[in-house]
Amino acid sequence: MIKIHLSRILGERRWSQARLARETGIRPSTICHWYNEFADRISLEHLDRICEVLGCTAADLLEYIPNAQRRTGDNLIIEEHGNRRRT
């Protein structure tokens, strides 16, 4: 799983989501998804803008935490229509 630390970083800097949206030009709804860890896709352009304005690195914002149950290799099921799902 990927943990997004945007809420912690904004809290430490006492920045609002609205301020980050203004400073980066990223839509407030996108910032909200990152902030609440609902994002399932991350734009490299957005990551670059956020890192630039906050003066941090991608490693400061994102953390990989191994899943309790593996979701790849032998645990990957490909359905008839090509979509993947967990076992």
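Predicted model: local features only at pLDDT ≥ 70, side-chain atom pairs only at ≥ 80, totals over all residues.

User: What makes Arg19 a case of lying over the face of Trp15?

Analyst: Arg19 is at 3.9 Å from the ring centre of Trp15, and the cut-off is within 6 Å. Arg19 is listed as lying over the face of that ring. As for pairs between aromatic rings, the structure holds zero.

User: Why is His5 called buried?

Analyst: His5 has 15% relative accessibility, and buried means under 20%, so His5 counts as buried. You'll find His5 in the loop between strand E1 (2-4) and H1. Leaving aside neighbours within four places in sequence, His5 is in contact with Asp60, Leu61 and Glu63.

User: Which residues touch the most other members of the largest nonpolar core?

Analyst: That core has 16 residues, and the ones touching the most other members are Leu6, Leu20, Ile31, Trp34, Ile50, Leu54 and Leu61. Helix H1 (6-13), helix H2 (17-24), helix H3 (28-35) and helix H4 (44-54) each give two or more residues to this core. H4 gives the most, with four residues. Take Leu6: beyond its neighbours within four places in sequence, Leu6 is in contact with Leu20, Ile31, Trp34, Tyr35, Ile50, Leu54 and Leu61. In soluble globular proteins, nonpolar side chains tend to be buried together.

User: How do you know which side of H3 its buried residues are on, the same or opposite?

Analyst: The buried residues of H3 are Thr30, Ile31 and Trp34. They cover an arc of only 100 degrees around the axis, so they sit on the same side of H3. An α-helix has 3.6 residues a turn, so residues three or four places apart point the same way. The buried residues of H3 pack against E1, H1, H2, H4 and helix H5 (58-61).

User: What follows H3?

Analyst: Glu37 follows H3, and the phi of Glu37 is positive, near 60 degrees.

Note on methods: Residues numbered from 1 in each chain as written. Heavy atoms only, no water. Phe/Tyr/Trp six-rings, centres within 6.5 Å; stacked < 30°, edge-to-face > 60°. Lys NZ or Arg CZ within 6 Å of the ring centre and 35° of its normal. Core = buried A, V, L, I, M, F, W, Y, C linked by side-chain atoms within 4.5 Å. Buried < 20%, exposed > 50% of the residue type's maximum accessible area, 1.4 Å probe, protein only. Contact = heavy atoms within 4.5 Å. Arc of directions from axis to C-beta.
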